[in-house]
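Good morning, and thank you for joining. Please look at the sequence and the model as they come up, and I shall then take you through selected features.

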Amino acid sequence: MNIFRLTGDLSHLAAIIILLLKIWKTRSCAGISGKSQILFALVFTTRYLDLLTSFISLYNTTMKVIYIGCAYATVYLIYMKFKATYDGNHDSFRMEFLVVPVGGLACLVNHDFSFLEILWTFSIYLESVAILPQLFMISKTGEAETITTHYLFFLGLYRALYLFNWIWRFYFEGFFDMIAIVAGMVQTILYCDFFYLYVTKGQGISLKILHQ
């Protein structure tokens, strides 16, 4: 495992923990898109079905279980435990506009037309756009809490680091996965405006400028 993948995984884990702690400590899921979290839960579920069929390493298995568990814990907190604080009016992005096209694309463009491979490809494509409901929600409210911006930053950093991971693997391992790379680039592009504002505006970020 190279340093880019390790730090990417840690950034991803940091984003998830930041979000869970934000919800639990404030006893509120205000500003958090439940729809994005449902999509991420779907991403992890469809990607890690290989937990039932193969074992790669203890690290690999542990991280997969943590991602799945935290994803569903987040969905539970938003839609069950703290549902009174959930802002469904602003979280209005239509998930089917992402899930249906992504499902069709996964059936058409994949490495192997098999059940697990199609689901893995579906998860890769869906992850690249799963943050859109969250960004759409922020665009409607015009601002984001500091802790939410940290969550988005680390989530975007994870994907950017994975791009370097794929470059490393190409040069040192001869590994090249066009599907994962293209999807990762799309996901990173979606964060570009946010990254710029996060770095230049700091913690007191207001995302109204995104739409001026």
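Predicted model: local features only at pLDDT ≥ 70, side-chain atom pairs only at ≥ 80, totals over all residues.

Residues are numbered from 1 along each chain as its sequence is written, and side-chain values use heavy atoms, with hydrogens and water left out.

Let us begin with the helices, which are DSSP runs of H or I with at least four residues, numbered from the N terminus. The axes of helix H1 (residues 3-26) and helix H3 (residues 58-81) come within 10 Å and cross at roughly 25 degrees; axes are lines fitted to C-alpha atoms over the stretch in contact, with angles from 0 to 180 degrees between N-to-C directions. H1 and H3 are therefore roughly parallel, a term for angles under 35 degrees.

We turn to the salt bridges, each a side-chain nitrogen of Lys or Arg within 4 Å of a carboxyl oxygen of Asp or Glu. The whole structure holds 6 of them. In one, Glu127 meets Arg47 at 2.7 Å, N to O; Glu127 lies in helix H5 (residues 115-129) and Arg47 in helix H2 (residues 34-47), 80 residues apart.

Which residue in helix H7 pairs with Glu127? That partner is Arg159, 32 residues away from Glu127 in the chain, and their closest N and O atoms are 2.9 Å apart. Glu127 is buried at 1% relative accessible area, where buried means under 20% (1.4 Å probe, protein chains only). Arg159 is buried too, at 5%. Shared partners join Arg47, Glu127 and Arg159 into one salt-bridge network.

Terms used:
Helix = DSSP H or I, 4+ residues; strand = E, 2+ residues; numbered from the N terminus. Parallel < 35°, antiparallel > 145°, perpendicular 65-115°, else oblique. Buried < 20%, exposed > 50% of the residue type's maximum accessible area, 1.4 Å probe, protein only.
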